[in-house]
Amino acid sequence: MDAGRHAGGVIVRKGRCGMESSALVYIILTIVTVALGLFVRNKSYVPRCIGGQYIYKDRQYARNMVAELAIFCLLTGVSACRIAVGNDYWPYRFNFRLIAQERYVSSEFGFNLIVKGMQKLFGYDNYLPVFALFSFLTVMFFSLAMHAQASDYAFSLFLLMTGGYYFNSLNSVRYYLALAIALYSMKYVLRGEYACFVLWIIAGGAFHKSVFLVIPVYIIARWLAAARLKKWHYALGCAFILAVIIFGKSILRQIVFYFYPYYEASAFDNGQVSYVNIAKCIAVLVLCGICRRKSLNGDIANRFYFFLNLGGLIVYCCGSFIPEVSRVGYYMIISQIFLIPRVVGEIESRWFRRLCYTGVTAAFTVYFAMLLRGMYDVDVRLLPYLNWIFD
């Protein structure tokens, strides 16, 4: 086996066996957590939870909480115990030092404040507890969002894992914490509790200010979900959005570069189109179109998630001029983890429901396999997986 030293000083041993077994950590974690998710049966609790109603704590609820806690511990453990995982792991460590020295960094004040407090508590350049805390917070908000909105918990968890949202949170620490908070905040939008929603987004903005864009997006999607729309409304709305994106391109770029000036003319400002995410959005919207009578008519939550995916499709198709457009779109299409199980689960035809379950499972499994292969890339480096307990 060949041995090499990572930039941060951690020995990384590479070889055919090592590279393959390292990926097994993620595969086994996905299988075990989804299997535990099968014990969570909260379809009857989700409508009341979204509606802010009292939930009677019966035996099934207790079983749900035990299984959810086990899943939370496993996800947090793998994330919190990592070391040298992710292409930005050591740059984050460098920024931790700068923050402790009260020097300038581009990250938001909430992130800087927590890092400074953790370094004072655990010591200068003791970066492992800092990563562990942000892992804990990110998984916590993902778990709380699932608890409140996932009517088919195991299926939603499967989509969260194989869709890459959890594993990518091992990179881009600030962004994925903000994304998890945005996902959690959706329940307040569905309830119409906009003050709570905005407060949570402000909290998320203390870690990554891009999350502020969900305030108008989620509120508009909620309004559209409650409105009685006709076909010409959809056509007019799409035409308006396309006009804004096409003719307002320069203005939108100025807004982006005002908040993120270092993106301008950088490697991220490349106009790349995310064809995979476009295909995912189209497939989900087609599925909704097939099942629209049962799943979309009168169901505010389903319609809310539907319009978020429609918005995501427009962003991916027409927003390639936005640096890191995938991050913008994720705020919208992450709702697929709730929408797909709800739509498929409400299909009346048994054979067609099974066909859809099989098709979605196969598609996301293939996507997960491609994701794992890409994790070895230099600009990703989520594999090989190392942790400070055994490595």
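How much accessible surface does the chain have, and what share of it belongs to carbon and sulfur atoms? The accessible surface comes to about 19,200 Å², of which 66% belongs to carbon and sulfur atoms, where accessible areas come from the Shrake-Rupley method with a 1.4 Å probe and, for residues, only the protein chains shown count as cover.

The legends below describe a predicted model, in which local features need pLDDT of at least 70 and side-chain atom pairs count only at pLDDT 80 or more, while totals for chains, interfaces and linings use all residues. Residues are numbered from 1 along each chain as its sequence is written, and side-chain values use heavy atoms, with hydrogens and water left out.

**View 1. The chain as a whole.** The chain has 19 helices and two strands, which are DSSP runs numbered from the N terminus (helices are H or I with at least four residues, strands are E with at least two). Of the 391 residues in the chain, 51% are buried, a word that stands for under 20% relative accessible area, whereas exposed stands for over 50% and partly exposed for what lies in between (1.4 Å probe, protein chains only). Among the contacts with a separation of 6 or more, 74% are between residues 24 or more positions apart, a contact being heavy atoms within 4.5 Å.

**View 2. The largest nonpolar core and the surroundings of Tyr26.** A nonpolar core is a set of buried Ala, Val, Leu, Ile, Met, Phe, Trp, Tyr and Cys residues joined through side-chain atoms within 4.5 Å. The largest one holds 114 residues, and the members that touch the most others are Tyr26, Tyr166, Tyr218, Phe304, Tyr305, Tyr330 and Tyr331. Helix α9 (residues 173-191) gives the largest share of this core, 15 residues. Apart from this core lies another, of five residues, including Cys49, Ile55, Tyr61 and Ala148. When residues up to four places away in sequence are not counted, Tyr26 touches Val78, Val85, Phe167, Leu170, Phe368, Leu372, Met375, Leu382, Leu383 and Tyr385.

View 3. Rolling a probe the size of a water molecule over the atoms shows where empty space is left. On a 1 Å grid over the protein atoms alone, a cavity is a set of points where a 1.4 Å probe fits but cannot get out, and its lining residues have an atom within 4 Å of a point. Grid points are joined across faces, edges and corners, and a volume is the space filled by probe spheres set on the points. Helices α6 (128-149) and α7 (153-162) each supply at least two of the lining residues, and the largest share, four residues, comes from α6. By class, this lining has eight nonpolar residues, one polar and no charged, where Ala, Val, Leu, Ile, Met, Phe, Trp, Tyr, Cys and Pro count as nonpolar, Asp, Glu, Lys and Arg as charged, and the others, Gly among them, as polar.

**View 4. The second largest cavity.** This cavity has a volume of about 40 Å³ and is lined by Ser79, Arg82, Phe134, Ser135, Thr138, Ser169 and Val173. Helix α6 again gives the largest share of the lining, here three residues. The lining has two nonpolar, four polar and one charged residues.

**View 5. Helix α7 and its end.** Ten of the ten residues of α7 are buried, so this helix is largely enclosed by the rest of the structure. The helix is followed by Gly164, whose phi is positive, near 90°.

**View 6. Ala178 in helix α9.** Ala178, found in helix α9, is buried, with a relative accessible area of 0%. Although Ala178 and Phe207 are 29 residues apart in sequence, they are 6.4 Å apart in space, C-alpha to C-alpha. Leaving aside neighbours within four places in sequence, Ala178 is in contact with Gly204, His208, Val211 and Tyr331.

**View 7. Backbone details.** Most residues other than glycine have a negative phi, and most peptide bonds are trans. Asp125, in the loop between α5 (109-122) and α6, has a positive phi of about 65° although it is not a glycine. Ser172 has a positive phi of about 50°, and its place is in the loop between α8 (165-168) and α9. The peptide bond from Leu383 to Pro384 is cis, with omega near 5°, and Pro384 lies in the segment after α19 (350-374).

Technical notes. 1 Å grid on protein atoms, 1.4 Å probe; cavity = no way out; pocket = protein on both sides within 12 Å on 5 of 7 lines; lining within 4 Å.
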